[in-house]
Amino acid sequence: MIKLKQTKGFWFSILFAFVLFTIVQIVIANAAINFYFVNMILTMGIYIILAVSLHLIIGITGQFSIGHAGFLAVGAYTSAVFTMKLGQPLWIGLIAGGLAAAIAGMLIGIPSLRLKGDYLAIATLGFGEIVRITFFNIDYIGGPSGMMVSQLTTWPWVFGCMLLTILVIRNFTNSTHGRACISVREDEIAADAMGINTTYYKVVAFLIGSFFAGVGGALWAHNFYIIQPSQFGFLKSFDILIFVVLGGLGSMSGAVIAAILLTLVSMLLTEYPETRMIIYSLILIFTMLYRPRGLLGTKEVTSLFTNRRNKKGGPKDGNTHTVA
């Protein structure tokens with residue numbers, strides 16, 4: 001019975017996602033909104049991919065990584081080379097960008113994921129800066145001037161990659177491997193004592209997260225016409241990190257909601273460049289003051305409705321109080 005309810009919830013979510021896709025696609029096809037809002041929707045979808053991929057590394061496995069912009073850059077430049085230099089279609093660029101970022105994640109993950117806490121954060125930050133400076137000095141991809149890229153990113157591509165990212169990471173989290181990653185997050189020493197290969201699971205989570213960050217980078221590159229190394233500095237990593245922390249560490253729904261809300265706030269305040277970052281920062285400060293565990297904490301949106309529906313009191317006496 002429980003499995004049937006879970007199946008119903010899964011297919012309801014899929015149905016809701018495709019209804020949302022259809023509505024947005026009809027709105028875009030009929031030019032009901034201008035290019036600015038179309039670009040905002042595409043950017044929102046890309047940020048959701050990046051937030052969910054980092055959620056697996058930080059929220060599920062508990063590894064404090066602030067080098068996600070490096071994987072974003074690897075995916076962006078690799079896909080741009082495949083489409084612009086080698087004449088390949090976008091889907092080839094997406095796969096190539098994801099695989100290149102996954103390889104980079106494995107190369108940096110194997111030696112550095114033996115580190116913990118602040119040391120891991122510094123190592124991943126250094127990786128992101130190494131990637132940026134490397135691209136800065138490669139003339140084949142434009143160097144500091146950047147690389148011109150055709151606008152190939154569309155809503156169906158963004159939605160498909162976003163849905164795939166959410167489904168893969170959700171299923172991974174609910175699997176035996178996902179529970180092993182959660183045990184690493186909760187207490188790595190205890191997990192290691194119980195026979196869990198903690199380094200292996202940290203590398204696996206890092207590899208999956210970096211793969212989807214590379215896919216997000218490929219969509220990013222083909223949405224903004226030009227990519228430059230300066231776009232992938234450490235501040236971009238902090239932007240993605242804010243989505244995960246604000247949504248709630250361990251909550252995929254929270255990461256998605258935070259990515260949507262903060263993208264809306266950031267883009268709607270572009271008309272006020274002098275005060276945009278002040279207002280943006282105040283929103284973050286007040287949210288953290290009143291919701292220090294994030295918008296959803298470690299819960300998902302579906303669990304909130306389930307708990308409310310299944311909440312029952314005990315047997316009652318003659319009054320209105322329940323009996324323990």
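Modeller: Helices (H or I, at least four residues) are DSSP runs, numbered from the N terminus. This is a predicted model, in which local features need pLDDT of at least 70, side-chain atom pairs count only at pLDDT 80 or more, and totals for chains, interfaces and linings use all residues. Residues are numbered from 1 along each chain as its sequence is written, and side-chain values use heavy atoms, without hydrogens and water.

Biologist: Is I285 buried, partly exposed or exposed?

Modeller: I285 belongs to helix α12, residues 276-290. Buried means under 20% relative accessible area and exposed over 50% (1.4 Å probe, protein chains only). Because its relative accessibility is 46%, I285 is partly exposed.

Biologist: Which element gives the largest share of the lining of the largest cavity?

Modeller: A cavity is a set of points on a 1 Å grid where a 1.4 Å probe fits but cannot get out, and lining residues have an atom within 4 Å of a point. The lining includes I66, T124, E129 and F232, and α3 (68-85), α5 (117-136) and α10 (234-247) each give two or more residues. The largest share, four residues, comes from α5.

Biologist: What is the volume of the largest cavity?

Modeller: One cavity of 30 Å³ or more is counted. Its volume, the space filled by probe spheres set on the points, is about 40 Å³.

Biologist: Which element supplies the largest share of the lining of the second largest pocket?

Modeller: A pocket is an open set with protein on both sides within 12 Å along at least five of seven lines. Of its 18 lining residues, Y47, K236, D239, S266 and R276 lie nearest the centre of the second largest pocket. At least two residues each come from α2 (35-60), α10, α11 (252-268) and α12. The largest share, six residues, comes from α10.
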